[in-house]
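Biologist: I have a structure open and would like to go through it piece by piece. Can you help me read it?

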Amino acid sequence: ISRLPLGDAQAIFFSSPIIAGVLAWLCLGERMTRATMGLTCVAFAGMLFVARPRFLFPVVGDDSMDNTVGTLFALAGAFAGASVFVLVRRIGLGLVDWRTTLLYQSLGQTCLGLLWIPVSLASSSITTDHTAGHLTSRTWLVLALL
């Protein structure tokens, strides 16, 4: 929330079906008509209007929030969600047992969680004061490991 308003982050994250469609077309060879491609471009343009990256929309007035980092994190989340959609679809095409899907999903989340630990410990923006009612990065780490 300190890097990007919550509504903007949610709007960007909810673009994951757009990204999933493009990934399915690229990776799985799924059919995409010209109309679907055009509507995908329109939806992506709408996402750009929500994200308002500074290189496309210069700041006018007293807007001190630099939303570039928050936008990149929201896009990374949308891409990760879209990747899950495509991977589950790929696994489903081979008629794999549901336990295999659960195993891959669990392993993926564990690996991403372990990759995030150094980032969260090094980030000074996550470490805050307990008196303000916020949790420190070490507390988040303990909660994540539970």
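Modeller: Let's start with S16, which counts as buried because its relative accessibility is 6%, and the cut-off for buried is under 20%. Keep in mind that this is a predicted model.

Biologist: Where does S16 lie?

Modeller: S16 lies in helix α2.

Biologist: And what does S16 touch?

Modeller: Leaving aside residues up to four places away in sequence, S16 touches A78, G81, A82 and F85.

Biologist: Which other residues of α2 are buried?

Modeller: Helix α2 covers residues 16-28, and its buried residues are S16, I19, A20, L23 and A24. Looking down the axis of α2, you find these buried residues within an arc of 140°, so they line one face of the helix.

Biologist: What follows α2?

Modeller: G29 follows α2, and its phi is positive, near 75°.

Biologist: Now helix α1. Which of its residues are buried?

Modeller: In α1, residues 6-13, the buried ones are D8, A9 and I12. Seen down the axis of α1, they fall within an arc of 100°, so they line one face of that helix.

Biologist: Where is L4 found?

Modeller: L4 is in the segment before α1. With a relative accessible area of 5%, L4 is buried.

Biologist: How far apart are L4 and T71?

Modeller: In sequence, L4 and T71 are 67 residues apart; in space, their C-alpha atoms are 6.8 Å apart.

Biologist: Let me step back to the whole protein. How many helices and strands are there?

Modeller: The protein has six helices and zero strands. Along the sequence the pattern reads α-α-α-α-α-α.

Biologist: How much of the protein counts as buried?

Modeller: The protein has 146 residues, and 20% of them count as buried. Its accessible surface comes to about 10,500 Å², with 70% of that belonging to carbon and sulfur atoms.

Biologist: And what share of the contacts join residues at least 24 apart?

Modeller: Taking contacts between residues at least 6 apart in sequence, 59% join residues at least 24 apart.

Biologist: Changing topic: how much space lies in the second largest pocket?

Modeller: The second largest pocket holds about 480 Å³ of space. Its lining is made up of 13 residues, and those nearest the centre of the pocket are V84, Q105, G108, Q109 and L112.

Biologist: Which helices supply at least two residues of that lining?

Modeller: Those are α4 (68-93) and α5 (98-122). The largest share is from α5, which gives seven residues.

Biologist: How do the lining residues divide into nonpolar, polar and charged?

Modeller: Seven residues of the lining are nonpolar, six are polar and none is charged.

Biologist: One last residue. Where is F57?

Modeller: F57 sits in the loop between α3 (34-51) and α4.

Biologist: What is the relative accessible area of F57?

Modeller: F57 has a relative accessible area of 29%, so it is partly exposed. The limits for that class are 20% and 50%.

Biologist: And what does F57 touch?

Modeller: Not counting residues up to four places away in sequence, F57 touches L48, F49 and R52.

Terms used:
Residues are numbered from 1 along each chain as its sequence is written. This is a predicted model: local features need pLDDT of at least 70, side-chain atom pairs count only at pLDDT 80 or more; totals for chains, interfaces and linings use all residues. Side-chain values use heavy atoms; hydrogens and water are left out. On a 1 Å grid over the protein atoms alone, a cavity is a set of points where a 1.4 Å probe fits but cannot get out, and a pocket is an open set with protein on both sides within 12 Å along at least five of seven lines; lining residues have an atom within 4 Å of a point. Grid points are joined across faces, edges and corners, and a volume is the space filled by probe spheres set on the points. Helices (H or I, at least four residues) and strands (E, at least two) are DSSP runs, numbered from the N terminus. Ala, Val, Leu, Ile, Met, Phe, Trp, Tyr, Cys and Pro count as nonpolar, Asp, Glu, Lys and Arg as charged, and the others, Gly among them, as polar. Buried means under 20% relative accessible area, exposed over 50%, partly exposed in between (1.4 Å probe, protein chains only). The arc is that of the directions from the helix axis to the C-beta atoms. Contact means heavy atoms within 4.5 Å. Accessible areas come from the Shrake-Rupley method with a 1.4 Å probe; for residues, only the protein chains shown count as cover.
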